[in-house]
Amino acid sequence: MTAPAASVPAVSPALSIPDFIAHWQGHRALTRRVIEAFPDDQLFTFSLGGMRPFGAQATEIHLVDAMTVTAMRTGEWPEPDWSAGPTEKTSLLAAWDQVSAELEQHGPHTDPAFFTGMHALPWGEMPGWVAAIYAVDNEIHHRAQGYVSLRALGIEPPAFYER
């Protein structure tokens, strides 16, 4: 009989926070390439099978990520204005790059207590690590919808494994 595995924290201040930030930044870089792949006139207009245009989905990703990055830095969860946000490709990419720069600068220095502490988000209370992983999962989910839209437009999406 083997002994049960010791509980190992998902995030440790010595190594895993920077690793998590690098992983998240890899997803952000890939999603940025998906945004870039859309023709300017299709990013916020092309809809398939009842899905929102990818520009609207990418704006949601941006707002959730911006809120999460702010919380990692300040502990505050400012609810996004869901009706606001970029409405054209260049402004979306500029806003995207701003959040990526903030994540790069402040993310690795996130207080480890953020990840274990409970936080009140607009959609419920959860530990910080759950909220941070939700931001990444939300991005992956919507990026996959962007891949479907690109293929429907006859455009080869970026390789998903190149993060």
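Glu139 forms a salt bridge with Arg143, with their closest N and O atoms 3.9 Å apart; a salt bridge here is a side-chain nitrogen of Lys or Arg within 4 Å of a carboxyl oxygen of Asp or Glu. Both residues lie in helix α6, four residues apart, or about one turn of the helix. The model is a predicted one, in which local features need pLDDT of at least 70 and side-chain atom pairs count only at pLDDT 80 or more, while totals for chains, interfaces and linings use all residues. Residues are numbered from 1 along each chain as its sequence is written, and side-chain values use heavy atoms, with hydrogens and water left out.

**Overall architecture**

- The chain contains six helices and two strands, where helices (H or I, at least four residues) and strands (E, at least two) are DSSP runs numbered from the N terminus.
- Along the sequence, these elements follow the pattern α-α-α-α-α-β-β-α.
- The radius of gyration of the chain is 17 Å, close to the 15 Å that the globule rule gives for 163 residues, so the chain is as compact as a globular protein of that length; the radius is taken over C-alpha atoms, and the rule is 2.2 Å times the number of residues to the power 0.38.
- Taken along the principal axes, the C-alpha atoms fill a box of roughly 55 × 40 × 30 Å.
- Of the 163 residues, 43% count as buried (buried means under 20% relative accessible area, exposed over 50%, and partly exposed in between, with a 1.4 Å probe and protein chains only).
- Among contacts (heavy atoms within 4.5 Å) with a separation of 6 or more, 71% join residues 24 or more positions apart.

**Salt bridges**

- The count of salt bridges comes to eight.
- In the Glu139 and Arg143 pair, Glu139 is buried with a relative accessible area of 0%, and Arg143 is buried at 6%.
- Arg28 and Asp65 meet through their side chains in a salt bridge of 2.6 Å, N to O. This pair links distant parts of the chain, since Arg28 belongs to helix α1 (residues 16-37) and Asp65 to helix α3 (residues 54-74), 37 residues apart.
- Arg28 counts as buried because its relative accessibility is 1%, and Asp65 is likewise buried, at 0%.
- Arg52 and Glu60 form a salt bridge of 2.8 Å, N to O; Arg52 is partly exposed at 37% relative accessibility, whereas Glu60 is buried at 17%.
- A network of salt bridges links Arg32, Glu36 and Asp97.

- Ala132 is found in helix α6 (residues 128-152) and counts as buried because its relative accessibility is 0%.
- Leaving aside neighbours within four places in sequence, Ala132 is in contact with Phe20, Thr68 and Phe115.
- Ser149 also lies in helix α6 and is buried, with a relative accessible area of 2%.
- Not counting residues up to four places away in sequence, Ser149 touches Phe38, Phe46, Leu48 and Met51.

**Surface**

- Trp82, Trp123 and Tyr134 make a nonpolar surface patch of about 300 Å². Patches are made of residues with over 30% relative accessible area and no salt bridge, like charges being joined within 9 Å and nonpolar side chains (Val, Leu, Ile, Met, Phe, Trp, Tyr) within 5 Å.
- Trp123 is placed in the loop between β1 (118-121) and β2 (124-127), and Trp123 is partly exposed at 36% relative accessibility.

Note on methods: Accessible areas come from the Shrake-Rupley method with a 1.4 Å probe; for residues, only the protein chains shown count as cover.
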